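Reader: I am new to this structure and would like to go through it in questions and answers. Please show it to me.

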Amino acid sequence: MGRLWVGWGMGRQALICVALCICATLGPALPASAAARPRTPAEIEARRLEIALRLVELADEDARLAANGAQLAVQLTEALDQDTRAALEDAVAQVGYRRGELADERAALEAEARPLEAIVTRNATGPLSTLDPVGLAGAQPPPAGTEQVGAGNAFNPAITIIPDGLYTNDTRRGRVGELLRTVDGFRATGAGLDVADSPRGFSLREVELAFSGAVDPYFDAWATFGIADGEIEAEEVFVQTRRLLPGLQVRAGRFFSGIGYLNRQHTHQWAFVDQALPYEALFGGRLEETGVQVTWLPALPVYLQLGFEALQGENPLIANQLAESNADRLEQTAGPRLFTGFVKLAPELGYDHTLQVGASFGRSRSHQETAVAPSEPVGELFEGTAWFLGAEGIWRYDSGRQYGERDVTLVGEYFYRVKDLDGTTSAMPPAMRVSRQDGIYVQAVYGIAPRWTVGGRADAIGRRNRLETPLGRAESPSSSRVALDVTFDPTEFSRLRVQYNHGRIWSGQRETYHQMYVQFQMSLGVHGAHRF
Amino acid sequence: MLPSVVRLVGLVGIVLVFGVGPAPVSAEPSLRIVATTSSMGMLARAIGGDAVDVRVLAPPDRDAHYLLARPSMMLALRRADLLLAVGADLEVGWLPAAIRGAGNGRIVPGQPGYFEGAAQLVLLERDQLADRGRGDVHPAGNPHFYMDPSRMALLARAVAGRLAALDPGRAEYFADRAVVFGDEVARRLPDWRARASGAAGVVLYHKDLVYLAVLLDAPVRGYVEPVPGIPPTASHLRELVTRLDGSDGVILYTSFQSADGPEFLERHLGWTRIRRQLEVDLDADSAAYLDHIDAWVDAMTGSSP
């Protein structure tokens, strides 16, 4: 047929007309063509499918012809004989004409398909629109070429605003936080720890502002800022590699350390209003530092993550620095001063159960404190090292029901920490202080109904609580707390929670308190993705 | 104490890494594919055949909207050559975190190893107002296209193309299998339409069966959910009953959706309610998928038990 048209010497547009006429009259070439317009959504869908399948066929043939044409062109440059050249030129021309035909048919089909897309969705709007004010809007051409479709423009960082509103009341006149920071054996002397007591009544504890996105093909970046009391604090600002060796990732910047389970969770991800006591007492909330983290996931039959971190070492409870304000007596140790390592292991247990166990270790090359005990010389400064060991286990059961009904999450963590400090004056006998403390908590959360969970948590710190000084060893009793909460998540973007705490704390003497929270949290912006 | 602890941790690490690390690699299929849902897994098997090894992240008995990124997902993605996702934000709550945790540069969005079905198709309900006040909306379009066999037949071509790009030696094999799948869909489509013609109408729990209803020309008379992603409320159900009272139809919902709302409607409207698993079984092949659609067609016409 191609040769016939060549004989006519017609232009492209004439060819389209001819092609359409032939199609319309001969029918079988393209069934249900423009002559017999499909009417019902089902017919339109069928026609749409036909067109789409035919378009794929056309593309296939075109690709074949293009390859063929390229081959012919090569042969043509090598051919010397006149007759061969003429034959080759004829063949090239044929390929060109056939490709022209294909292009015309493609254009015609695409022209037919465009209104069909609109018809499908308009018809579908009929029965649906009365129920859904949003409706099925008019269709656009297919988003060809893109590899990901989503809600936003991936060029801009994804932005989320998470306000955390509280109502608090307690039996300690709003000074529970202060009490928790002066627990026997855990008192951080000279540490610049900000005691953030929520005032009794209403408060906006924090507004978290989170940005994330891909920097370039090599790095992803996160930036999370906490806004509280008119101050903006960079909680996490880091880049992470996208494509190193398989399983290997490097993170650099300011980030929450990968030790333990709760440590890397942001406040809004907690299952309770407040942080578990071991974290409060041993790390001042959590270990957040500036540095570099390397994690590796080897290709094993089980999930095993190995991590190592070199951190600047500024945590007030394990890598406190007083050298700046006491330059005459203390020497500044160059960073990085804090090194951690962690292992997380998760066996394959199917879709319903997830178990992860982990261990972590950290050592600080420099920790500095001031004098605390009456027996210690006034103004004495202590300097030394600190290290900790941690172990954690998390078990989660997914019932498969919607909105978390009957899901169970159990978490338990243990930390043991030693601070080995020496005095810096030449007092006799030389001042020294070795503190050994630990902390443990277990928490359970159960989905009692769709969107409703109840949780319980028991924490204890100082079950091992020993202070060694030149005067000997002193043991302090342990402190504990229990918490119960009920949480209602109307959607994934909002949360209401009520929590009750009862604490029995040793701070010089035995103190008890009752505390209750009402919390409202919401997440405004992109849909966050959450880890187990 | 301290150095010995360091030494122990180091030793354990070395044993784990080098002792267990280079596990014997047996003769394996050429491509390791991770599919987010069992429907995408079916497609991978239908096109990839013996040349691929398929792992599915979200089992069909639960809602793929609401999952957490679990370590086993990250492990599967760590070794994957290709990730087949539904897309259009269906997996937005967990897949990005799982991809990040896997440390596999080949399957991040933008790479040839990342394939999103929604990006290859024209979706229904596109260009909605991106406003969460209207529930869990997907501005990119309704992501439940896997319940539309005609769209899956189209997607099969695209999957074949991607598989061919990753394993050029088997390009023809993949293309042939895509054609076979498309032909099979085209062969059964007229029968499904014929059976569904004259269907009285359906009430769906969620917008997950909209594609099939449009394909079969079955009128959707309402949704059990007041807005997508929000459990049914009493007032919404009463309104549905008032509006649909006296008419005929069938109530469709899936294995993980609560039966309370559908039961209420059944009591007050006298309609049949039918609960079926939304997606195919984990290890389904194309025949199982077509039978699965077949059973849903029966359900739409109210003739399934």
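Reader: How many helices and strands does chain B have?
Author: This is a predicted model. In chain B, the C-alpha trace spans about 80 × 55 × 35 Å along its principal axes. Its secondary structure consists of 10 helices and 8 strands.

Reader: What percentage of the residues in chain B are buried?
Author: A residue counts as buried when its relative accessible area is under 20%. Chain B has 305 residues, and the buried share of them is 61%.

Reader: Among contacts in chain B between residues at least 6 apart in sequence, what share joins residues at least 24 apart?
Author: Contact means heavy atoms within 4.5 Å. Of the contacts in chain B between residues at least 6 apart, those joining residues at least 24 apart make up 64%.

Reader: How far apart are the end C-alpha atoms of helix 5 of chain B?
Author: Helix 5 of chain B covers residues 149–166, which is 18 residues. At 1.5 Å a residue, the helix should span 26 Å. The model agrees with this, as the distance between the end C-alpha atoms is 25 Å.

Reader: Is helix 5 of chain B largely enclosed or largely open?
Author: The burial of its residues decides this. In helix 5 of chain B, 14 of the 18 residues are buried. Therefore the rest of the structure leaves helix 5 of chain B largely enclosed.

Reader: Are helix 5 and helix 6 of chain B roughly parallel or roughly antiparallel?
Author: Helix 6 of chain B covers residues 171–196, and helix 5 of chain B packs against it with the axes 9 Å apart. The angle between the two is about 180°. Angles over 145 degrees count as roughly antiparallel, so helix 5 and helix 6 of chain B are roughly antiparallel.

Reader: How many nonpolar residues does the contact of helix 5 with helix 6 of chain B have?
Author: On the side of helix 5 of chain B, the contact includes B:Met152, B:Ala156 and B:Leu163. On the side of helix 6 of chain B, it includes B:Phe174, B:Val185 and B:Trp192. By class, the contact of these helices has 1 charged, 2 polar and 16 nonpolar residues.

Reader: Which residues touch the most other members of the largest nonpolar core?
Author: This core has 74 residues, and its largest share, 8 residues, comes from helix 5 of chain B. Among the contacts of B:Leu252, leaving aside neighbours within four places in sequence, are B:Val202, B:Ile274 and B:Trp296. The members that touch the most others are B:Phe145 and B:Leu252.

Reader: Which residue of chain A does B:Gly229 touch?
Author: B:Gly229 lies in the loop between strand 6 and helix 8 of chain B. It is buried, with a relative accessible area of 11%. Not counting residues up to four places away in sequence, B:Gly229 touches B:Tyr66, B:Asp136, B:His206 and, from chain A, A:Tyr403.

Reader: Is B:Pro232 buried, partly exposed or exposed?
Author: B:Pro232 also has its place in the loop between strand 6 and helix 8 of chain B. Leaving aside neighbours within four places in sequence, its contacts include B:Tyr205 and B:Gly261. Buried means under 20% and exposed over 50%, so at a relative accessible area of 24% B:Pro232 is partly exposed.

Reader: Is A:Thr241 buried or exposed?
Author: A:Thr241 is found in strand 4 of chain A. Among the residues it touches are A:Tyr218, A:Phe219 and A:Val250. With a relative accessible area of 11%, A:Thr241 is buried.

Key. Residues are numbered from 1 along each chain as its sequence is written. Chains are lettered from A and ligands numbered from 1 in the order in which they are written. This is a predicted model: local features need pLDDT of at least 70, side-chain atom pairs count only at pLDDT 80 or more; totals for chains, interfaces and linings use all residues. Side-chain values use heavy atoms; hydrogens and water are left out. Helices (H or I, at least four residues) and strands (E, at least two) are DSSP runs, numbered from the N terminus. The expected span of a helix is 1.5 Å times one less than its number of residues. Buried means under 20% relative accessible area, exposed over 50%, partly exposed in between (1.4 Å probe, protein chains only). Axes are lines fitted to C-alpha atoms, for helices over the stretch in contact, and angles run from 0 to 180 degrees between N-to-C directions. Angles under 35 degrees count as roughly parallel, over 145 as roughly antiparallel, 65 to 115 as roughly perpendicular and the rest as oblique. Ala, Val, Leu, Ile, Met, Phe, Trp, Tyr, Cys and Pro count as nonpolar, Asp, Glu, Lys and Arg as charged, and the others, Gly among them, as polar. A nonpolar core is a set of buried Ala, Val, Leu, Ile, Met, Phe, Trp, Tyr and Cys residues joined through side-chain atoms within 4.5 Å.
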